[in-house]
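Biologist: I would like to learn how to read a model like this one, feature by feature. Please give me the rule each time, then the case.

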Amino acid sequence: MTDAPPGSWSADMPGGGGAPARTVTLTDLLRVPLHRIRLVAAVAAVGLAAALGYVFLVPGAVTANAVVAVRPVVTDAFTPSGAAADRAVNMNVESGIATGTDVVQRLAEANGEDQRDIRDSLDVEVPAGGQVLRFSYTGRSAEEAVRSVNLAAQAYLDVRRSMYEKQREEMLRSYDESIDKVTEQQAALQRRVAAARDGARDAAVAELSGVNSQLTQLSSARTEIAAVDVNPGWVTQTAERALVSSGGRGPLYILAGLFGGVLLGVVLAYAWESMDRRIRSVDDGRDATGLPLLGTVRSRGLRGSRHAVDADIRYVAMAIAERVREPARVALLTTREDQTVMTAGLAVALAATGRDVYVADDSGRLERLRAEVLAGLGRLPAVANPARPAVPKPREGGAVTVDDITEQIAVRRPSPHPTGGRPVTDPDATMTLPRVTSGVPASGKSKVRETADEVPVGAGGVRFGTWRQRAAQGLVLFNAPPAEADERGVAAARQGTAVVVIEQDRTRQADLRRLAERLRAAGVAPLGFVLTRGGRG
């Protein structure tokens with residue numbers, strides 16, 4: 001072998017402390033979810049489906065409102081409250097009573113629900129600077145919401161009225177007791193005045209006059225307490241079915257489900273990437289292998305297509321031809337992927353420059369290699385393929401009919417006697433026998449088979465066979481099986497050199513590092529690596 005010295009292993013391998021760490025950019029952060037877009041889309045679809053199911057299957061919440069005006073309890077309802085009207089009633093206390101146990105218990109008994117559910121559904125708001133309570137109740141239906149919120153407002157008024165009435169009764173009972181005591185004193189003084197003499201009568205009459213005045217004041221105060229209006233307020237706005245508002249949060253729930261699904265999908269994409277890291281860029285391939293880049297090969301058509309751009313393959317062929325000298329053996333290695341398209345494309349590109357290329361394969365892919373080579377030959381530019389005329393030869397004299405072609409063919413009847421086998425009349429004439437030659441040349445290979453196995457490409461040709469049948473001259477390309485399952489590719493590389501083929505978004509970094517370590521341990525110095533941009537992670 002007379003191969004040129006291949007590219008040596010890089011000194012700044014990962015973990016060797018050679019080159020500084022590469023800066024992570026925004027593009028690197030976006031690359032992972034973009035390449036895991038199917039996972040992100042699947043999780044987002046699940047989140048969207050969950051939100052739609054919740055919106056359409058779970059009954060929507062219906063809210064009804066009622067407003068209660070709270071008034072202070074005064075002796076004279078027509079007396080102006082003054083500038084401190086908003087402080088005449090402690091609205092925080094009123095709000096606590098509106099959501100208290102008595103009101104909630106009445107709602108629970110009316111609806112047949114648990115008190116905890118009633119507390120979750122009932123809400124009371126107190127506007128700043130006002131004596132108004134706004135009741136809100138969220139129910140499963142409009143009828144339930146309207147009935148419950150009106151019942152809550154009325155229950156609050158009933159509870160508050162009963163509290164005021166109880167306070168009034170206590171005060172009236174206290175006044176009654178005081179009046180009874182003063183009446184007893186009055187009766188005693190009257191008896192004393194009747195029985196008193198002239199000197200003591202004046203003093204008793206004066207004392208009786210004071211008791212009478214006290215009794216009058218007590219009676220007047222009791223009359224005022226009894227006349228107090230204990231009505232705590234009134235319902236200024238009752239809930240009606242026409243005024244009920246639904247939740248109206250369906251679109252918000254749908255957006256939240258979609259956004260949450262996308263966010264969860266991105267998190268899962270990063271988690272999956274941390275466990276299953278793929279080669280995303282040239283820098284990843286260089287960091288994992290420590291080899292130089294021979295070229296990048298894009299895919300034609302949609303992303304994920306197996307058809308490579310021919311110009312990119314020809315650039316890679318130039319890089320390989322610059323680094324090897326014939327006879328040479330080059331093994332194309334992958335970790336788990338299939339590099340058949342790359343091998344066939346390189347064979348066509350190298351043969352087009354005048355080289356005799358032998359494509360070897362031991363994995364049963366020779367027919368596919370031949371088909372790919374023939375397809376690549378059809379796409380080869382006419383300048384590089386003399387067998388394909390650059391400009392089609394124009395027809396002379398216009399269109400040619402089938403009759404004209406038939407008339408130009410000279411029809412000759414076959415002879416009944418073979419050449420040299422005609423009977424002669426002279427018995428002494430010498431008979432000439434035809435020379436019989438062997439169909440096998442001195443090389444031991446049949447010309448017919450050799451011509452059938454070889455595909456002429458430009459000034460060179462491509463032949464096919466196994467690694468054992470490889471030619472001793474020319475350039476041998478070994479379409480090696482995946483290195484993770486078969487070691488024959490590394491073994492063939494020990495007899496020549498190797499090119500590592502990396503498929504973007506499909507080749508795993510752990511597998512690629514393992515292949516690089518195996519090549520280094522086997523003493524193989526590959527020419528470099530080729531990055532194909534046709535995979536999808």
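Biologist: Is Asp158 buried, partly exposed or exposed?

Modeller: The classes rest on relative accessible area: buried means under 20%, exposed means over 50%, and partly exposed is in between, with a 1.4 Å probe and protein chains only as cover. Asp158 has a relative accessible area of 25%, so it is partly exposed. This is a predicted model, in which local features need pLDDT of at least 70 and side-chain atom pairs count only at pLDDT 80 or more, while totals for chains, interfaces and linings use all residues. Residues are numbered from 1 along each chain as its sequence is written, and side-chain values use heavy atoms, with hydrogens and water left out.

Biologist: Which side chain meets Asp158 in a salt bridge?

Modeller: A salt bridge is called when a side-chain nitrogen of Lys or Arg is within 4 Å of a carboxyl oxygen of Asp or Glu. For Asp158 the partner is Arg161, at 3.3 Å from N to O. Arg161 is partly exposed because its relative accessibility is 24%.

Biologist: Where do Arg161 and Asp158 lie?

Modeller: Helices are DSSP runs of H or I with at least four residues, strands are runs of E with at least two, and both are numbered from the N terminus. An α-helix has 3.6 residues a turn, so residues three or four places apart point the same way. Arg161 and Asp158 are both in helix α6 (residues 142-195), 3 residues apart, which is about one turn of the helix.

Biologist: What is the N to O distance in the salt bridge of Asp176 with Arg222?

Modeller: The closest N and O atoms of Asp176 and Arg222 are 2.2 Å apart. Asp176 lies in helix α6 and Arg222 in helix α7 (residues 198-226), so this pair ties together parts that are 46 residues apart in sequence. Asp176 is partly exposed, at 27% relative accessible area, and Arg222 is also partly exposed, at 27%.

Biologist: Are Asp361 and Arg365 buried or exposed?

Modeller: Asp361 and Arg365 are both buried. They form a salt bridge in which the closest N and O atoms are 3.1 Å apart. Elsewhere, salt bridges with shared partners join Arg336, Glu484, Asp511, Arg514 and Arg518 into one network.

Biologist: How many salt bridges does the count come to?

Modeller: By this rule the count is 27 salt bridges.

Biologist: How far does helix α11 reach from its first C-alpha to its last?

Modeller: The expected span of a helix is 1.5 Å times one less than its number of residues. Helix α11 (residues 340-351) has 12 residues and reaches 16 Å, close to the 16 Å expected.

Biologist: Which residues does Val455 touch?

Modeller: Contact means heavy atoms within 4.5 Å. Not counting residues up to four places away in sequence, Val455 touches Arg370, Val373, Leu374, Leu377, Gly461, Val462 and Phe464. Val455 sits in strand β9 (residues 455-457) and is buried, at 7% relative accessible area. Its C-alpha atom is 9.6 Å from that of Ala351, 104 residues away along the chain.

Biologist: Which residues make the nonpolar surface patch?

Modeller: A patch uses residues with over 30% relative accessible area and no salt bridge; nonpolar side chains (Val, Leu, Ile, Met, Phe, Trp, Tyr) are joined within 5 Å, and like charges within 9 Å. Areas come from the Shrake-Rupley method with a 1.4 Å probe, and for residues only the protein chains shown count as cover. Here Val24, Leu26, Leu29, Leu30, Leu34 and Tyr270 make a nonpolar patch of about 600 Å². Helix α1 (residues 26-35) gives the largest share, 4 residues. Leu26 is found in α1 and counts as exposed, at 61% relative accessibility.

Biologist: Which residues does UniProt list for "transmembrane region"?

Modeller: UniProt positions are given in the numbering used here, with feature names shortened, and annotations may be inferred rather than shown by experiment. The unreviewed UniProt entry lists residues 39-62 and 252-272. In the model, the span 252-272 is 100% helix and 0% strand, with its end C-alpha atoms 30 Å apart.

Biologist: Where is the cis peptide bond of Pro327?

Modeller: The cis bond runs from Glu326 to Pro327, with omega near -5°. Pro327 lies in the loop between α10 (310-323) and β7 (328-333).
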